[in-house]
Amino acid sequence: MWDSRLEETLPPVRERIARALGRSGGGGDVRIVAVTKGHPSEAAAAAVRAGLDTLGENRVQELARKVDAVGRDVARWHLIGHLQRNKARQAIELFDLIHSVDSERLARTLAAEGVRAGRSVRGLLQVNVSGEESKGGFEGAAAVDALGALGALDGLELHGLMTMAPWTDDEAVLRRTFAAARRLLEECRRQLPEALRGTELSMGMSNDFDIAVEEGATMVRLGTVLFGERDT
Ligand SMILES: *Cc1c(COP(=O)(O)O)cnc(C)c1O
């Protein structure tokens, strides 16, 4: 059932991304992070069969379950939700990239665990450019400051920024948010060229990914549009 669903849902998503890239005038590449949270491991396995090589989960427990069922090495696993520091040790073995480095304390914990494990943890700095209090992450200038402190830590590599837009279908608000994240990435790179190891911009979900791609997203995190509504 998941294979046939993806046969239906994936081609139009790829088409929409290509069109949005065309409108943006950029020739960039956009990676789909297939978010199967709330759906069974079979959905993740089907995503891999459909050619999606990057899977996203927002909770460590569910990530662990799916990695176990689908295989650690058959895909890149991304953690996209808030990580509690006491789960960092377990989590870094499970993911290839964490999108949600949302506090200095978490960043320092991840770096320490990376050092302990003898490697570097790869992450994105989560930024809050919409000013919504309910959203985690670093705001504006604080993101640049944080990057100054965290960009040089052993055991942690920051490859770009991630943001979440407000829950709205107001296109102007979405566009403003995504454009602000892109400008913040440019500002970080200008002020701290050494601190970021990449130019990734993770933004856009099922309801807003066309606009995010137009505004420069390099990764879109897609659940519902690929796998359908979740119960939870
Ligand atoms: C669930 C989730 C998504 C995917 O949401 P959809 O609207 O189902 O595409 C993207 N990013 C994060 C951080 C999520 O938790």
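Ser100 touches Leu79, Ile80, Gly81, His82, Leu106, Leu124 and Gln126, leaving aside neighbours within four places in sequence. Contact here means heavy atoms within 4.5 Å. This is a predicted model: local features need pLDDT of at least 70, side-chain atom pairs count only at pLDDT 80 or more, and totals for chains, interfaces and linings use all residues. Residues are numbered from 1 along each chain as its sequence is written, and side-chain values use heavy atoms, with hydrogens and water left out.

Ser100 sits in strand β4, residues 97-101. Strands (E, at least two residues) and helices (H or I, at least four) are DSSP runs, numbered from the N terminus. Ser100 counts as buried because its relative accessibility is 0%. The classes are buried under 20% relative accessible area, exposed over 50%, and partly exposed in between, with a 1.4 Å probe and protein chains only. A polar atom of the Ser100 side chain lies 2.5 Å from the backbone oxygen of Gly81. A polar contact is a pair of N or O atoms within 3.5 Å; within protein, one must be able to donate a hydrogen and the other to accept it, and residues adjacent in sequence count only if both atoms are side-chain atoms.

Arg59 lies in the loop between β2 (54-57) and α3 (60-70). Arg59 counts as exposed because its relative accessible area is 58%.

Next, the ligand. Which residues are around the ligand? They are Lys37, Asn58, Ile80, Met164, Met205, Ser206, Arg221, Leu222, Gly223, Thr224 and Arg230. The cut-off is a heavy atom within 4 Å of the molecule. Lys37 places a polar side-chain atom 2.6 Å from a ligand oxygen atom. In Arg221, a side-chain N or O atom is 2.8 Å from a nitrogen atom of the ligand. In Thr224, a side-chain N or O atom is 2.5 Å from an oxygen atom of the ligand. Taken alone, the ligand exposes 390 Å², and the protein buries 92% of that. Accessible areas come from the Shrake-Rupley method with a 1.4 Å probe; for residues, only the protein chains shown count as cover.

Arg230 is one of the residues around the ligand. Arg230 lies in the segment after α9. At 27% relative accessibility, Arg230 is therefore partly exposed. Not counting residues up to four places away in sequence, Arg230 touches Lys37, Gly38, His39, Gly223 and Thr224. Arg230 and Thr36 are 194 residues apart in sequence, yet 9.1 Å apart in space, C-alpha to C-alpha.

Now to helix α1. Its 23 residues (2-24) should span 33 Å at 1.5 Å a residue, and the end C-alpha atoms are 32 Å apart, which agrees. The expected span is 1.5 Å times one less than the number of residues. α1 bends by about 30 degrees at Thr9, and Pro11 follows within four residues. The bend is the angle between axes fitted to the seven residues ending there and the seven starting there.

Trp2, Leu6, Thr9, Leu10, Val13, Ile17, Ala20 and Leu21 are buried in α1. An α-helix has 3.6 residues a turn, so residues three or four places apart point the same way. The cover over the buried residues of α1 includes β1 (31-35), α2 (41-49), α8 (209-214), β8 (219-222) and α9 (224-227). Just after α1, Gly25 takes a positive phi of about 80 degrees.

Helix α2 holds Ser41. Ser41 counts as buried because its relative accessibility is 13%. Leaving aside neighbours within four places in sequence, Ser41 is in contact with Arg65, Lys66, Ala69 and Val70.
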